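Open the model in your viewer and keep the selection tool ready. This tour tells you what to pick next and what you will find there.

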Amino acid sequence: EVIIDESLVTLESKFEGQLLRINRNALINTGELYGLHRKNSLAFAKLKSTDYEPQISRRNISKIKELLK
């Protein structure tokens with residue numbers, strides 16, 4: 001866990017193209033993303049350097065799918 005004083009909106013705009021919002025509380029490094037998987041009705045991001053799989057909001061699933069093409 002990392003604590004940063006800047007808002008996610010600020011970080012997202014500062015690192016546009018490198019960070020992607022996947023839900024209202026999380027950004028991911030697009031270079032770390034290699035897939036997604038579903039469990040029940042939820043979707044989760046698969047990241048290269050960690051086993052942690054953050055949940056993707058329904059609103060952002062289409063962005064993730066487009067990025068993975």
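Select arginine 21. Arginine 21 sits in strand β1, residues 19-23. Strands here are DSSP runs of E with at least two residues, and helices are runs of H or I with at least four, numbered from the N terminus. This is a predicted model: local features need pLDDT of at least 70, side-chain atom pairs count only at pLDDT 80 or more, and totals for chains, interfaces and linings use all residues. Residues are numbered from 1 along each chain as its sequence is written, and side-chain values use heavy atoms, with hydrogens and water left out.

Is arginine 21 buried or exposed? Its relative accessibility is 18%, so arginine 21 counts as buried. The cut-offs: buried is under 20% relative accessible area, exposed is over 50%, and partly exposed is in between (1.4 Å probe, protein chains only).

Now show its side chain. A polar contact of 3.3 Å links it to the side chain of glutamate 12. It also reaches the backbone oxygen of arginine 24, at 3.2 Å. A polar contact is a pair of N or O atoms within 3.5 Å; within protein, one must be able to donate a hydrogen and the other to accept it, and residues adjacent in sequence count only if both atoms are side-chain atoms.

Next, display the neighbours. Not counting residues up to four places away in sequence, arginine 21 touches Leu8, Val9, Glu12, Ala26, Leu27 and Asn60. Contact means heavy atoms within 4.5 Å.

Follow that list to asparagine 60. It lies in the loop between β5 (55-56) and α2 (61-68). With 6% relative accessibility, asparagine 60 is buried. Beyond its neighbours within four places in sequence, asparagine 60 is in contact with Arg21, Ile22 and Asn23.

Go back to glutamine 18, in the loop between α1 (8-14) and β1. Glutamine 18 is partly exposed, at 46% relative accessibility. Which residues does glutamine 18 contact, leaving aside neighbours within four places in sequence? They are Ile28, Asn29 and Thr30. Draw a line between the C-alpha atoms of glutamine 18 and asparagine 29: they are 11 residues apart along the chain and separated by 5.7 Å.

Move to arginine 38 in strand β3. Arginine 38 is partly exposed, with a relative accessible area of 46%. Neighbours within four places in sequence aside, its contacts are Ala43, Ile61 and Lys65. From arginine 38 it is 17 residues away in sequence and 9.5 Å away in space, C-alpha to C-alpha.

Now select asparagine 40, in the loop between β3 (33-39) and β4 (42-47). Check its phi: about 60°, a positive value, although asparagine 40 is not a glycine. Most residues other than glycine have a negative phi. Asparagine 40 is exposed, with a relative accessible area of 78%.

Finally, clear the selection and zoom out. The chain has two helices and five strands. Along the sequence they run α-β-β-β-β-β-α. The C-alpha atoms fill a box of roughly 35 × 25 × 20 Å, taken along the principal axes. Colour by burial: 26% of the 69 residues count as buried. For contacts with a separation of 6 or more, 27% come from residues 24 or more positions apart.
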